[in-house]
Amino acid sequence: MKNILIADDHSIVRLGASVIISGLIKNVVIVQAETYDEVYHKLTEQSFDLLLLDINMPGGNNIRVIKEILQIQPDLKILVFSSYDEHLYALRYIQEGACGYLNKNTAMEELKIAIQTVQELGKYMSDTVRDLYIQKLISNKNEVQKINPLLKLSNREMDVAKHLIDGLGILEVSNVLQLSSSTVSTYKSRVFEKLNVSNIPELIELFKLNEN
C-alpha cells in the first residue's frame, strides 16, 4: 500500500493529480492538503511514500520548506509540481532535496511519467531540467551567470526577490519568511547590487527577461 500526499491550494489540481495517481498505482491511499500548515500536520500523523508539492501555497513559498519537510520525514520523496519557471527554480529545489521538479504547464501525461519514474528510480528530471543540469556541469559558474544573471542569487535572495516582485513590502516579506525586517532589507540590497537594479520595476523587468 502506497501513501501519497498531494499538496496544492487549487482543488482542480488536486483532483487531476488524484485521478492520475489512482490510475497509475493500484493500492494507494491519497491524502490532500491545501496549506503548508496542513502538510506539516499530516506528515506528523502518518508516513508517506510521495509528496506532490506545489511550492506556492499559503504558509510557505520558499526554498527552505524542502529541508523542513525532510526533517519530519527524511525518506519522503518530494516531487515539486509548480507554475514557477523550471529554468530558475528546478535545480535549486532539487539541490535542497526534492527528487524532481515539474512545471504545471506540462501535459498531465508528463506528470504520470514523473510519478512513475520517482516510484521506480527515486528521481525524475524533465528534458528541460536535465539540459540545465548538464549545462551547469560543463559550464563554469561565471559563464552560467552571464547567460542568466538571476543565477547569481542565493536561495534566500531568490526567495526575497520573488516576494518583492509579487508586490510584498519589507514587513510582509519578513512575516512570510520569518526574518527580521532589517535582514530582509539586507537581502534586498544584495539582490539589487548583484543584479545591478535600483528599484522594483527594474527587478520585475529583469525577471521577465530571464524567465524562459
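Figure 1. D127 is exposed, with a relative accessible area of 57% (exposed: over 50%; buried: under 20%; partly exposed: in between; 1.4 Å probe, protein chains only). This is a predicted model, in which local features need pLDDT of at least 70 and side-chain atom pairs count only at pLDDT 80 or more, while totals for chains, interfaces and linings use all residues. Residues are numbered from 1 along each chain as its sequence is written, and side-chain values use heavy atoms, with hydrogens and water left out. D127 and R130 form a salt bridge in which the closest N and O atoms are 2.9 Å apart (a side-chain nitrogen of Lys or Arg within 4 Å of a carboxyl oxygen of Asp or Glu). The two residues belong to helix α6 (residues 127-138), and about one helical turn separates them because they are three residues apart (helices, H or I, of at least four residues and strands, E, of at least two are DSSP runs, numbered from the N terminus). R130 is partly exposed, its relative accessible area being 38%.

**Figure 2. The salt bridge between K104 and D8.** The whole structure contains seven salt bridges. In one of them, the side chains of K104 and D8 meet at 2.6 Å, N to O. This pair joins distant parts of the chain, as the two residues are 96 residues apart. K104 is located in the loop between β5 (100-103) and α5 (108-121), and D8 in the loop between β1 (2-7) and α1. D8 is buried, with a relative accessible area of 2%. A network of salt bridges links D8 and K104 with D54.

**Figure 3. The salt bridge between R156 and D159 in helix α8.** The closest N and O atoms of R156 and D159 are 3.4 Å apart. Both residues are part of helix α8 (residues 155-165), where they stand three residues apart, about one turn of the helix. R156 and D159 are both buried.

Figure 4. Helix α9 provides the largest share, three residues.

**Figure 5. Aromatic pairs formed by tyrosines.** Three aromatic pairs are present in the structure (ring centres of Phe, Tyr or Trp, the last by its six-membered ring, within 6.5 Å; planes under 30 degrees apart are stacked, over 60 edge-to-face, the rest tilted). Among them is the tilted pair of Y36 and Y40, with 6.2 Å from centre to centre and 35 degrees between the planes. These two tyrosines lie four residues apart in helix α2 (residues 36-45), so about one helical turn separates them. Y36 and Y40 are both buried. Y84 and Y89 form another tilted pair, at 5.1 Å centre to centre and 35 degrees between the planes. Y84 and Y89 are likewise buried.

Figure 6. Q178 has a phi near 55 degrees, a positive value in a residue other than glycine. Q178 is located in the loop between α9 and α10 (181-195). The place of N196 is in the loop between α10 and α11 (200-210). N196 is exposed, with a relative accessible area of 70%.

Figure 7. L76 is found in the loop between α3 and β4 (77-82). L76 has a relative accessible area of 5% and is therefore buried. Along the chain, L76 and L43 are 33 residues apart, and their C-alpha atoms are separated by 9.6 Å.
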